[in-house]
Amino acid sequence: MKRILLILTCAAGLSAHGQKFDQLALTPPMGWNSWNKFACDVNEQLIRETADAMVATGMKDAGYQYINIDDCWHGQRDAQGFIQPDPTRFPSGIKALADYVHAKGLKLGIYSDAGAKTCGGRPGSRGHEYQDALTYAQWGIDYLKYDWCDHEGLKAEGAYTTMRDALFAAGRPIVFSLCEWGDNQPWNWATNIGHLWRTTSDIYNCFDCKVNHGAWFQLGVLQIFDKQEGLRKFAGPGHWNDPDMLEVGNGMMPNEDRAHFSLWCMLAAPLISGNDLRNMSKETLHILTDKEVIALDQDPLGVEAFKCFAKDGLEFWFKPLSDGAWAMCVLNRGATPQKFTFDWNSEKAADDLSGRETKFDTTPYSIRNLWTKQDLGTTQSALTAEVPVFDVLVLRLTKL
Ligand code: GLA
């Protein structure tokens, strides 16, 4: 009997290799992560209160579901090498926290690193991948962000494949988020490894800046946005480009937050909020929970926007949506407000990737301004509008 069991286990183990969990993240994941606001200052009370707030504020209702603990939750490994949470910060343990989060209808995410140490100097998973994956599965974890600090001597594709296989072997469907900052062009090799991959170094809470830390740097919203160029063809349902977590509500001006959020939705980016959900302004909540703007991000077609043209400091972006609809985003990245007139009959957006093309002259659309909730008529007459500095106009074009 024992022998049969052993054979069965081996067979299951063998078939577990070479796969990621599909049917996860068919639209870009939505949730919250502790890092942008709290850095290493995490504990179980924060996570519980954040889960409470996600429900109470209407964020859950707007589609957010993952509560992700980033770096610094770790304690030591036990004598057998199993990772333990920091006993002071997480005295009830992660399993109890997962139960709490699950009881709210939400999911729990955790963080580790392919190297021996995380970026915050805590124990990484190197040499413990299968053990850690098993631990996460037993705890009831639903999402793993896997970082790339201390990767000394490792090859990225191999290291991330090892953890993918470990997660799959552990048997619990876990969204696998690759965080190697785009250093090894994961878009070329990670489609069958993870569900999302970071494309750049860390975001900084500014609209247009770059912060140099010597050995590494952080990028503002526009700097990250520009670095997505050429990557849209690699993303789609189940495998997303990740331009990093949101900074909405962390100190930018409301127009900058609105533009940041809109651009991430146009990019079909994961929407992982990074602010204090327990204490948000009305404006922040309004931006984070706008269902019509979120619907652009979550559109099941899963195609990122492309820049159709740029003129006078304005950029005109188009995102094909299901049911023949389009999202259009006009971004003002210049230093003065810009007025424009868009004559639909003489403009065309054609997308090689999706094979979609607007034919405004023969196929009219109704126009809706998603942030102001105004219906602006149809594409049968020209549209004139002004976009303030570092702001956006976001329109949904629906076939008449
Ligand atoms: C790296 C990641 C960040 C965050 C920190 C934690 O910098 O890119 O998103 O996870 O590590 O230390």
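# Close-up views of pockets, cavities and helix packing

**View 1. The second largest pocket lies between the two domains.** Both domain 1 (2–297) and domain 2 (306–399) give residues to the lining of the second largest pocket, so this pocket lies between them. The domain bounds come from an automatic or database domain assignment. The model is predicted: local features need pLDDT of at least 70, side-chain atom pairs count only at pLDDT 80 or more, and totals for chains, interfaces and linings use all residues. Residues are numbered from 1 along each chain as its sequence is written, and side-chain values use heavy atoms, with hydrogens and water left out. The second largest pocket holds about 280 Å³ of space. Of its 16 lining residues, Gln228, Glu229, Gly230, Arg232 and Trp317 are the closest to its centre. On a 1 Å grid over the protein atoms alone, a pocket is an open set of points with protein on both sides within 12 Å along at least five of seven lines, a cavity is a set where a 1.4 Å probe fits but cannot get out, and lining residues have an atom within 4 Å of a point. Grid points are joined across faces, edges and corners, and a volume is the space filled by probe spheres set on the points. Helix H8 (221–226) and strand E14 (314–320) each supply at least two residues of this lining. Helices (H or I, at least four residues) and strands (E, at least two) are DSSP runs, numbered from the N terminus.

**View 2. Domain 1 meets domain 2.** The C-alpha centres of domain 1 and domain 2 lie 32 Å apart. In contact (heavy atoms within 4.5 Å) are 24 residues of domain 1 and 23 residues of domain 2.

**View 3. Ser262 in helix H9.** Ser262 is found in helix H9 (residues 254–266). With 2% relative accessibility, Ser262 counts as buried; buried means under 20% relative accessible area (1.4 Å probe, protein chains only). Leaving aside neighbours within four places in sequence, Ser262 is in contact with Trp371, Val392 and Val394.

**View 4. The largest pocket.** Its volume is about 470 Å³. Among the 25 residues that line the largest pocket, Trp35, Cys119, Trp181, Asp202 and Trp216 are the closest to its centre. Helix H2 (35–38), strand E6 (143–147) and strand E10 (217–219) each give at least two residues to the lining.

**View 5. The buried side of helix H5.** In helix H5 (residues 94–103), the buried residues are Ile94, Leu97, Ala98 and Val101. These residues cover an arc of only 100° around the axis, which puts them on the same side of H5; the arc is that of the directions from the helix axis to the C-beta atoms. They pack against helix H3 (44–56), strand E2 (66–68), strand E4 (83–85), strand E5 (107–113) and helix H6 (129–139). Just after H5, Gly105 takes a positive phi of about 80°.

**View 6. The largest cavity.** The largest cavity has a volume of about 60 Å³. Its lining consists of Asn33, Asn68, Tyr143, Lys145, Ser177, Leu196, Arg198, Asp242, Asp244, Met245 and Ile272. E6 and strand E8 (196–198) are the elements that give two or more residues to this lining.

**View 7. The second largest cavity.** This cavity has a volume of about 30 Å³. Lys20, Phe21, Arg164, Leu167, Ile174, Phe176, Ile193 and His195 line the second largest cavity.

Conventions: Buried means under 20% relative accessible area, exposed over 50%, partly exposed in between (1.4 Å probe, protein chains only).
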